[in-house]
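Here is a short note for a colleague opening this structure for the first time. Please read the points with the model on screen.

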Amino acid sequence: MKKVGLFYSINTKKTTQAAKRIVESLGSDTLEELNAEEVNEKQFTAFDNLILGVPTWFDGELPNYWDEFVPALEDLDLKGKKIAIYGAGDQVGYPENFVDAIGIMAQLVEKQGATIVGFTSTEGYTFEHSQAQRGKQFCGLALDFENQSSKNKERIAQWCDQLKKEFN
Ligand SMILES: Cc1cc2nc3c(=O)[nH]c(=O)nc-3n(C[C@H](O)[C@H](O)[C@H](O)COP(=O)(O)O)c2cc1C
């Protein structure tokens, strides 16, 4: 497996906690951690394998730091890159927008030619609508710290095992 760029905001509590578990599961030799709040085009295109930490905010939107990167992102050529997205959301508080930001980010990078990996089953979650849903799957890993935090460890470990097979 080629080196993986793990992009997340270092100022988040939950997204960072999940990132640390991902590092434990995939191994620090394989990963380089980068701060999503300062991400630039050069960093983003330096990897063939990327993991993006994208929590949902503002009733179904990207957090500000990812939103600010979107204009630059829309100019990038991401062909040949595999991108896995994880994101925190609250299925009880926001059942109509559950982990929407995973789906928003997936669409943005797919439009630039990237392939999304790390799809997971929607089984075990209760929500009404999610932009991250495709059939019976999410196009990433949904983590609900508010309501299902006890499942995070297992969900992350399983997802990382899957990524080991799916990444370049
Ligand atoms: C103002 C606000 C808006 C939110 N909107 C959504 C939402 O639309 N969908 C969702 O699934 N979760 C939503 N959440 C829940 C957050 O995604 C959740 O708390 C997440 O763990 C935040 O991760 P972070 O602290 O690492 O940024 C919202 C939380 C807040 C405080």
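1. **A term to begin with.** Two strands pair if DSSP finds at least two bridges between them. Keep that cut-off in mind for the strands below. Note also that this is a predicted model.

2. Start at β4. β3 and β4 pair in the parallel sense, and five bridges link them. Strands of a sheet pair through backbone hydrogen bonds, either parallel or antiparallel.

3. **Cover on β4.** Is β4 mostly covered or mostly open? It is mostly covered: of its seven residues, six are buried.

4. **The largest nonpolar core.** This core holds 36 residues. Phe44, Leu52, Trp66, Ile83 and Met105 have the most contacts inside it. The elements giving two or more residues to the core are β3 (49-53), α3 (64-67), α4 (70-73), β4 (82-88) and α5 (100-111). Which of them gives the largest share? That is α5, with six residues. In soluble globular proteins, nonpolar side chains tend to be buried together.

5. **Leu52 up close.** Leave out residues up to four places away in sequence. Leu52 then touches Phe7, Phe44, Trp66, Ile83, Ala84, Ile85, Tyr86 and Met105. Phe44, Trp66, Ile83 and Met105 are also among the residues with the most contacts inside the core.

6. **A second core.** A separate core has 22 residues. Leu6, Ile156, Trp159 and Cys160 are among them.

7. **Arg21.** This residue is found in helix α1, residues 14-26. Arg21 counts as partly exposed because its relative accessibility is 27%. Beyond residues up to four places away in sequence, Arg21 touches Lys153 and Ile156. Ile156 belongs to the second core. Arg21 and Cys160 are 139 residues apart in sequence, yet their C-alpha atoms are 9.5 Å apart in space.

8. **The open sheet.** Three strands form an open sheet in the order β6-β8-β7, with antiparallel pairing. The edge strands are β6 (120-121) and β7 (133-134), and each pairs on one side only. β6 and β8, residues 137-138, pair in the antiparallel sense over two bridges. Ser121 has Gln137 of β8 as its bridge partner.

9. **Thr120.** Thr120 is found in strand β6. Why does Thr120 count as buried? Its relative accessibility is 13%, and buried means under 20%. The side chain of Thr120 reaches the backbone oxygen of Gly140 at 2.6 Å. Thr120 touches Lys136, Gln137, Phe138, Gly140, Leu141, Trp159 and Gln162, not counting residues up to four places away in sequence.

10. **The ligand.** How many residues surround the ligand? There are 17; the closest are Lys14, Thr15, Thr56, Gly60 and Glu146. An oxygen atom of the ligand is 2.6 Å from an N or O atom in the side chain of Glu146. For Trp57, a side-chain N or O atom is 3.0 Å from an oxygen atom of the ligand. At Asp90, a polar backbone atom is 3.1 Å from an oxygen atom of the ligand. On its own the ligand has 650 Å² of accessible area, and the protein covers 83% of this.

11. **Two residues to check.** Most residues other than glycine have a negative phi. Phe58 has a positive phi, near 55°. Asp59 also has a positive phi, of about 55°, although it is not a glycine. Phe58 is found in the loop between β3 and α3, and Asp59 is found in the loop between β3 and α3 too. Is Asp59 buried or exposed? Asp59 counts as exposed, because its relative accessibility is 52%. Phe58, at 45% relative accessibility, counts as partly exposed.

Definitions and conventions:
Residues are numbered from 1 along each chain as its sequence is written. This is a predicted model: local features need pLDDT of at least 70, side-chain atom pairs count only at pLDDT 80 or more; totals for chains, interfaces and linings use all residues. Side-chain values use heavy atoms; hydrogens and water are left out. Helices (H or I, at least four residues) and strands (E, at least two) are DSSP runs, numbered from the N terminus. A nonpolar core is a set of buried Ala, Val, Leu, Ile, Met, Phe, Trp, Tyr and Cys residues joined through side-chain atoms within 4.5 Å. Buried means under 20% relative accessible area, exposed over 50%, partly exposed in between (1.4 Å probe, protein chains only). Contact means heavy atoms within 4.5 Å. A residue is near a molecule or strand if one of its heavy atoms lies within 4 Å of it. A polar contact is a pair of N or O atoms within 3.5 Å; within protein, one must be able to donate a hydrogen and the other to accept it, and residues adjacent in sequence count only if both atoms are side-chain atoms. Accessible areas come from the Shrake-Rupley method with a 1.4 Å probe; for residues, only the protein chains shown count as cover.
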